[in-house]
Structure formats: C-alpha cells, structure tokens
Amino acid sequence: MVAAPAFLANPERFMAFSRWAAPTFGVIAAVLALAGLYLGWTAPDDYQQGATVRIMFIHVPAAWMSLFVYFCLGVASLLALVFRHVLADAAAQAAAPLGAGFTFLALVTGSLWGRPMWGAWWVWDARLTSVLVLFLFYVAYIALRASIDDETKAGRAAAILALVGLVNLPIVHFSVDWWNTLHQGASVFRLGGPTLATVYLWPLLLMALAYMAAFGALWLVRIRGELWRRRAEAAALRSARA
Amino acid sequence: MSRLSSLLGRETALAWGRGGGPLVTLGFYAGVATLVPLAVGPESQRLAAVATGLAWVALALASLLSLERLFERDFEDGALDLIVLSPAPLELACAVKCLGQWIATGAPLALAAPVAAIGLGASPNLAPLVFACAVAGGLAFAFVGGIGAALSLGARRGGLLTAVIVLPLFTPPVIFGGGALSAFASGLPWQAGFALLAAYAAAAVALGPLAMAAACRNALS
C-alpha cells in the first residue's frame with residue numbers, strides 16, 4: 001500500500017504507468033458493468049419492490065464510491081500538504097469532481113427509488129442526510145479551489161479543507177444518526193430485509209467493482225490531463241519569458 | 001501572555017467598536033426572527049412548534065455575518081503579517097481572534113437568543129437552556145467559522161465562499177443544540193444533546209486554531 005504511491009510519486013513513472021493502466025481499467029469497468037447490468041436485468045423482481053429493486057445496482061455502488069472517493073481525496077490532500085507533492089495535489093484536484101458526481105448520482109437514484117418505495121422524493125432519513133452533507137463538502141472543496149487564483153495556494157487551502165472535512169465526516173455521520181433516532185417516527189427504511197439474496201448480491205458486487213474500476217480509469221485520465229495542463233502552462237510561461 | 005491579552009483587547013475593541021459592532025449582527029438576527037412569522041403564518045401554535053429551532057438556525061446564520069472581517073481586513077492592511085511575525089504562536093493568536101469575535105458578537109447573540117425564542121412563542125422555561133446552547137454553540141460557530149474565514153483569505157467572493165465552506169461544518173452543532181432544545185421542550189432528557197454540543201464546541205476551540213493557522217500561513221506565503 002505504501003510502496004505503490006512511492007513508486008508512482010515520480011511523475012515520469014506515473015505517466016508511463018497510467019498510459020496503459022487507465023484504458024485497462026476502463027475496459028475492465030465496461031466488461032464488469034455489462035455483466036453486472038445483464039445479471040441485474042435478468043434477476044427476478046423482488047416480491048415487495050417489484051422491478052424497482054434494479055435501481056439498487058446503480059444506486060448502492062454510487063453511495064459506496066461517494067465515501068471511498070472522499071477518503072482518496074483526504075489521503076491525497078494529506079500527502080500534498082505534508083510532502084508538497086505536485087502529483088498528490090493533482091490527484092486531489094482530479095478526485096473531487098468525480099466524488100461529487102458519484103454522490104450526486106447516489107442522491108438522484110436514491111430519490112428516484114424513494115418515490116415508488118416510500119412515496120416521497122426525499123425523506124430526512126439519517127443516511128440520506130449524511131450523504132447530502134457529504135455532497136456539500138465536495139461542493140465546498142471545489143468552490144474553494146476554484147476561487148483562489150494562485151494555484152499553489154488554492155491547492156494547499158483546499159487540502160486543509162479536505163482534512164478538516166475528513167475529521168468532520170464521522171462526526172456528521174454520528175450526529176445525523178443521533179438526530180434521526182431522536183426524531184423517532186418514519187424510520188422503517190429497511191430495504192428487502194437484512195440479508196440480500198444471491199441473485200441480487202452478484203450483480204451488486206459486479207457493479208461495485210465496475211464503479212471502482214471506472215473511478216480508477218477516470219481518476220488516472222484526469223490526473224494525466226491535469227499534469228499535461230500544468231506542463232503546458234509552465235512551457236507557455238517559459239516561452240513568454242524568453 | 002501580555003501580547004495575547006493585548007491582541008484580545010484589540011480584537012474585541014475592533015469587533016465591538018467598528019461598523020456598528022454587535023448592533024449589526026443583532027439587527028440581522030432580529031430581522032430573520034421577524035421574517036419567520038411572516039413566512040410561516042402568525043398562528044401561535046404553529047409558530048411555537050418551530051420557535052426554538054428557528055431561533056437556533058437564525059443564530060447559526062447570524063454568526064456567519066461577522067466572519068468575513070475576522071481575518072480579511074487584517075490580511076489586507078498587513079496586520080496579519082505582524083501577527084504571524086510576533087513571537088506568540090499563530091495558533092494561539094487565531095484562537096484569541098476568534099474569542100474576541102465571540103465576545104463582541106457571540107455573547108450579545110446569546111443574550112438575544114432567549115428573547116427571540118420566547119417572542120416566537122417558545123415556553124419561557126426554555127430560556128436558560130436556549131442561552132446555554134447559544135453560548136456553547138456560539139463558541140463552536142466562531143471557531144469553526146474561523147477556519148472558513150481563514151481558508152477563503154485572498155479568494156474572490158470571500159464572504160459567500162466562507163458561508164459555503166462553513167455551513168456543512170455547522171451540521172453537528174446545529175443538530176446537537178436543536179436536539180437538546182426540542183427534547184427539553186417535549187419533556188425528554190436533554191442533557192445528552194447539550195453535552196454533545198459542549199463537546200463539539202470544546203473540540204472546535206482546541207482543533208480549529210490549528211487549521212486556521214495553517215490556512216493563514218498558506219495565504220501569506
């Protein structure tokens with residue numbers, strides 16, 4: 001785990017690695033997603049939820065990814081802050097919009113799922129609320145990064161914010177849980193019982209892996225693009241000075 | 001020590017004396033509390049059900065107002081450079097700035113909060129708890145808000161950006177305080193919510209200055 005970032009910390013090695021790793025991850029993601037979607041499509045309807053249970057294969061992995069990407073963002077920010085490493089900063093910058101996208105996807109599909117299941121587009125359930133707050137964290141990160149002109153300063157300020165958010169997320173999660181149990185009432189949102197049947201488990205796992213691979217591919221592509229952009233800017237500055 | 005106490009005096013005097021001081025914040029607070037019945041409707045039953053919650057949210061919003069000038073003015077006129085150069089640790093200086101801010105705006109708001117809650121129709125029994133929550137919550141709002149204010153130094157649209165950064169961080173204290181108040185109002189044990197709010201405030205006072213100092217150093221580098 002430690003060896004991989006150390007090996008990739010060299011930008012040249014990173015570029016050589018990501019040149020083939022990004023498309024490979026992309027192909028893996030496409031294959032897994034096709035298999036997962038096929039299995040999900042052919043799975044039988046749930047006896048309670050009917051066909052809408054298929055939203056789960058899109059929704060649940062997105063919700064998992066929303067947290068995982070924030071964790072990646074936090075680790076990259078820590079590395080960028082401590083070692084002042086350009087690649088870590090680019091990785092944090094590249095991860096934020098992806099994480100916001102996954103979180104948004106989780107919120108939208110959850111809302112579409114909630115309408116037929118709970119009869120409401122939105123309920124102030126503990127999980128929904130903490131995912132919404134997570135989305136606001138992403139928005140704050142992107143907004144802060146975008147509104148400081150000096151890129152180095154913007155990167156470091158955003159990294160500090162990401163770490164503050166990393167400390168705060170568990171507290172937010174706990175507080176929202178506490179708040180929801182305090183406001184007793186409509187909180188019987190247990191989906192399909194405690195255990196998941198195997199016909200649903202396989203497509204869910206495949207889709208989760210597909211999301212993970214897709215994130216890997218997109219993240220690498222975005223980091224590459226960010227590095228190219230910085231190189232181009234540096235080259236433009238050099239030629240302007242000359 | 002005398003450096004920090006004179007800094008505290010300066011911060012409090014600036015926050016209290018310039019630009020209307022606490023009057024502006026109190027005026028904003030009163031304005032928000034006045035708009036609520038206009039929007040929700042004047043029936044006292046409906047208002048009483050949401051009174052404490054609204055007084056509490058308005059408090060969180062009002063404590064956003066003064067954040068913009070917490071670091072920005074010192075950053076622009078160079079006073080922040082002097083604070084960074086002084087032998088006193090920057091972390092403590094940031095804590096002192098937030099404390100001064102809280103004395104000038106948070107404490108008057110804490111005094112006004114019970115008045116607003118009762119005016120909206122909350123039971124007068126709630127007044128001591130509203131005050132206590134506003135004191136602890138105000139500290140948390142000031143110190144967490146200070147992080148946002150320090151991070152948005154040198155940014156375009158600093159004030160709005162500070163609000164976007166800070167509002168998600170305000171979720172836990174708003175939940176804990178609101179939970180304690182609504183539990184008290186319905187006769188349930190409220191101590192847990194208040195204890196959690198106080199714990200969050202203590203953590204914000206202890207850890208917030210670290211992030212603030214890092215953000216100030218970054219902005220000045």
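## Contacts and overall form of chain B

Two residues are in contact if their C-beta atoms, placed from the backbone, lie within 7 Å. In this predicted model, contacts in chain B between residues at least 6 apart in sequence can be sorted by how far apart they are along the chain, and 81% of them join residues at least 24 apart.

Chain B contains ten helices and zero strands. Read from the N terminus, its elements therefore follow the order α-α-α-α-α-α-α-α-α-α. The radius of gyration of chain B is 18 Å, close to the 17 Å that the globule rule gives for 221 residues, so chain B is as compact as a globular protein of that length. Along the principal axes, the C-alpha atoms of chain B fill a box of roughly 55 × 35 × 30 Å. Buried residues make up 51% of the 221 residues in chain B.

## The largest nonpolar core

The largest nonpolar core has 144 residues. Within this core, the residues that touch the most other members are A:A95, A:L161, B:A55 and B:A215. Helix α7 of chain B, residues 127-151, supplies the largest share of the core, with 15 residues.

Leaving aside residues up to four places away in sequence, A:A95 touches A:V69, A:C72, A:L73, A:A76 and A:W219.

## Where the two chains meet

The contact between the chains draws 23 residues from chain A and 23 residues from chain B. On the side of chain A that touches chain B, the elements giving two or more residues are α5 (126-147) and α6 (151-182) of chain A. The largest share of that side comes from α6(A), which gives 14 residues.

By type, the residues on the side of chain A that touches chain B comprise 18 nonpolar, three polar and two charged.

## A loop residue with positive phi

A:R84 sits in the loop between α3 (55-83) and α4 (86-118) of chain A. Its phi is near 50°, a positive value in a residue other than glycine. Most residues other than glycine have a negative phi.

Is A:R84 buried, exposed or partly exposed? A residue is buried if 20 or more other C-beta atoms lie within 10 Å of its own, and exposed if 12 or fewer do. A:R84 has 13 other C-beta atoms within 10 Å, so A:R84 is partly exposed.

Conventions. Residues are numbered from 1 along each chain as its sequence is written. Chains are lettered from A and ligands numbered from 1 in the order in which they are written. This is a predicted model: local features need pLDDT of at least 70, side-chain atom pairs count only at pLDDT 80 or more; totals for chains, interfaces and linings use all residues. A nonpolar core is a set of buried Ala, Val, Leu, Ile, Met, Phe, Trp, Tyr and Cys residues joined through C-beta atoms within 7 Å. Helices (H or I, at least four residues) and strands (E, at least two) are DSSP runs, numbered from the N terminus. Ala, Val, Leu, Ile, Met, Phe, Trp, Tyr, Cys and Pro count as nonpolar, Asp, Glu, Lys and Arg as charged, and the others, Gly among them, as polar. The radius of gyration is taken over C-alpha atoms; the globule rule is 2.2 Å times the number of residues to the power 0.38.
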